[in-house]
Amino acid sequence: MLISKYSAPDFDPYGDNRAEEPNRLWPAPVAGGPVTASVSLPGSKSLTARELVLSALADGSSLLRAPLHSRDTANMVEALRALGVSIVEKPGESEFGADFLITPAEELLGSTTIECGQAGTVMRFVPPLAGLALGPTMFDADDSARGRPMGAIIAALRALGVDVNDDGRGALPFTVHGTGTVEGGAIGIDASSSSQFVSALLLSASRFEEGIDLTHSGERLPSLPHIEMTIAALAARDVTVESPEIGRWVVRPGAIAARDVDIEPDLSNAAPFLAAAVVTGGSVTITGWPESTTQVGADLADLLPLFGATVTKDGDRLTVTGPERIRPITIDLSTGGELVPAIAAIAAFADGTSEITGIGHIRHHETDRLAALAAELNGLGGAVTELEDGLRIEPKPLTGGVWRSYEDHRMATAGAIVGLVVPGVEIENIATTAKTLPQFPQLWTRMLGEGTAA
Ligand SMILES: O=C(O)C1=C[C@@H](OP(=O)(O)O)[C@@H](O)[C@H](O)C1
Ligand SMILES: C=C(OP(=O)(O)O)C(=O)O
C-alpha cells in the first residue's frame, strides 16, 4: 500500500476534510498512557539528497531504491531536472513511493531558475553543479529560507573560478554563471555555520578540472557526521576524499561511478517517535534500523539512555522503552544539531535541569531553533534559557496553548512530543512537516492508535 506521496497526501490530519484551510491549528493528540507501537519510516533526507546529486554527476545511470519523497527531495529532483538530468520514477518495493532512475545529462545546461524551497541541501549542494552547467542559473528559496547563510558557497565558487552575482548579503537569491567547467584548486572556507558547505563542495569536486584542496578555517565545524556521510557516499562511487589534516579535504579530478543504492530510513525522523516512548514511559520500535550507518540519527540509541530510557535491538528493529522518571542531561550536541528539537522536548519533562550546548549553528536552520524552542516551551509555562550556543531547560509544569512552528518541520514535531503529555497543545502549520516527512500526522496518529496502555 502506498501511504502517501509528497504531491498527493491522502490523509486529513483534522478528520474533517478542511485540512487545506490556512492558519489551521492542529490539536496535538494526547497519549492516554504509555505509547506502544511499531513505526516504519520513509527514506533519509540526507542520503537521498547526496545520492541524487552524485547520480546526476555520475558516469552512467543509477537507481535509488526507497528514496525519500518529501518537499526537500522534490525540490532537489526539480533542480537537477532543470539542469538537464533525467529522473524517472520507477515502481519499487517501498510503501512510501517510487524508486528514482537517474540518468546524467550529456551536458549540464543552465539558463534556468532553481527553487530551493526550504532545503539546505538544495541551496548548498546544487550551486556547484550550476557552475558545471552552461549558462546562468538563478537560485531562490522560500521567504523564510532567504536569510540562511550562503556566503561560504558564494565565496568558494568565486575562488574556484565561477562567476556569481548576488546582492552582497551572502544569502539567496543569487545567480551562478556556469561556463560548463569549473577550474577548482586550493581554497579556504569558513563552514562554522553549516557543514553543508563542505559537503556541497566535496560532492562535485571530482568534476572540477583540478579537483579541490579545501581547508576550513573557523572556530568550529558542526555536524561532522554529515561530512562523514558525504565522504562515505563518494567512496562508494570510487571517489576518494583524502584528509591530510583535520579541517582539510583533498579530492582529485576523476569520474563518479554510477551505482544502484538502497536508501536507509530517516533515523533523524525517528527522533519524535522514539521520544514518544520516553515521555510517556511506553515502548516504540522503529523497523528497518540499519546494521551500520553514517546517519547521525543512529546516535539516538546512545542519547536516549542518558534520559534513563532502555534501547534494545532485535535484527533491524530498534526499540526504545521509556523510564519511570526522566533524568536530566548535560550534553554537547554539535554533531547532531538536527536532533535538538526532539531532545529539548524530552528534556522539558526531566526531573532536573538539562543543558544542551555546542549548537549555536542551529540558529541558522529553518528558523533560529534556540530562540524558537525557548519561546514555545516558555509559552506553555516552561523555564528555558537561551545560551549563546545552547539551551538550559528547567522542568516546569506545562499547560496547553498554541505551539508555533516557524515553518520548521522539527519545531512542529517537537510540539507534537510535548502535546502527548500536555493536554491542549495546538500546533501551527503541521503541514510544514512535509519538508522531510509528509506522512508525519498520519504516522503519529497511527502510532497512538496502535496502543496506549492506560
Ligand atoms: O548535509 C546534510 O544533509 C545536513 C547537514 C546538517 O546541516 P548543518 O551542518 O547546517 O547543521 C543537518 O543539520 C541537516 O539537517 C542536514
Ligand atoms: C537543518 C535541517 O535541514 P536543512 O537540510 O534544510 O539544513 C533539518 O532538517 O533539521
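**Domains, ligand and annotated site**

Reply: This is a predicted model. The C-alpha centres of domain 1 and domain 2 are 29 Å apart.

Me: Which residues make up each domain?

Reply: Domain 1 covers 25–41 + 265–450, and domain 2 covers 45–262.

Me: And how many residues does each domain put into the contact?

Reply: Domain 1 gives 16 residues and domain 2 gives 22 residues. On the side of domain 1 that touches domain 2, the classes are 4 nonpolar, 8 polar and 4 charged.

Me: OK, ligand 1. Which residues are closest?

Reply: Ser46, Ser194, Ser195, Ser223 and His226 are the closest. In total, 14 residues surround ligand 1.

Me: Which elements give two or more of those?

Reply: α1 (45–56), α3 (120–125) and α6 (196–205).

Me: Where does the shell come from, in domain terms?

Reply: Domain 1 and domain 2 each supply at least three residues to the shell around ligand 1. By class, that shell has 11 polar, 2 nonpolar and 1 charged residues.

Me: Switching topic. What does UniProt mark as the active site?

Reply: Glu338, according to an unreviewed UniProt entry. Glu338 sits in the loop between β18 (330–332) and α10 (340–347).

Me: Is Glu338 buried or exposed, and why?

Reply: Glu338 counts as buried because it has 25 C-beta neighbours inside 10 Å. The cut-off for buried is 20 or more.

Me: What is Glu338 in contact with, leaving aside neighbours within four places in sequence?

Reply: Ser268 and Arg410.

Methods
Residues are numbered from 1 along each chain as its sequence is written. Chains are lettered from A and ligands numbered from 1 in the order in which they are written. This is a predicted model: local features need pLDDT of at least 70, side-chain atom pairs count only at pLDDT 80 or more; totals for chains, interfaces and linings use all residues. UniProt positions are given in the numbering used here, feature names are shortened, and annotations may be inferred rather than shown by experiment. Helices (H or I, at least four residues) and strands (E, at least two) are DSSP runs, numbered from the N terminus. A residue is buried if 20 or more other C-beta atoms lie within 10 Å of its own, exposed if 12 or fewer, and partly exposed in between; C-beta atoms are placed from the backbone. Two residues are in contact if their C-beta atoms, placed from the backbone, lie within 7 Å. Domain bounds come from an automatic or database domain assignment. Ala, Val, Leu, Ile, Met, Phe, Trp, Tyr, Cys and Pro count as nonpolar, Asp, Glu, Lys and Arg as charged, and the others, Gly among them, as polar. A residue is near a molecule or strand if its C-beta atom, placed from the backbone, lies within 6 Å of it.
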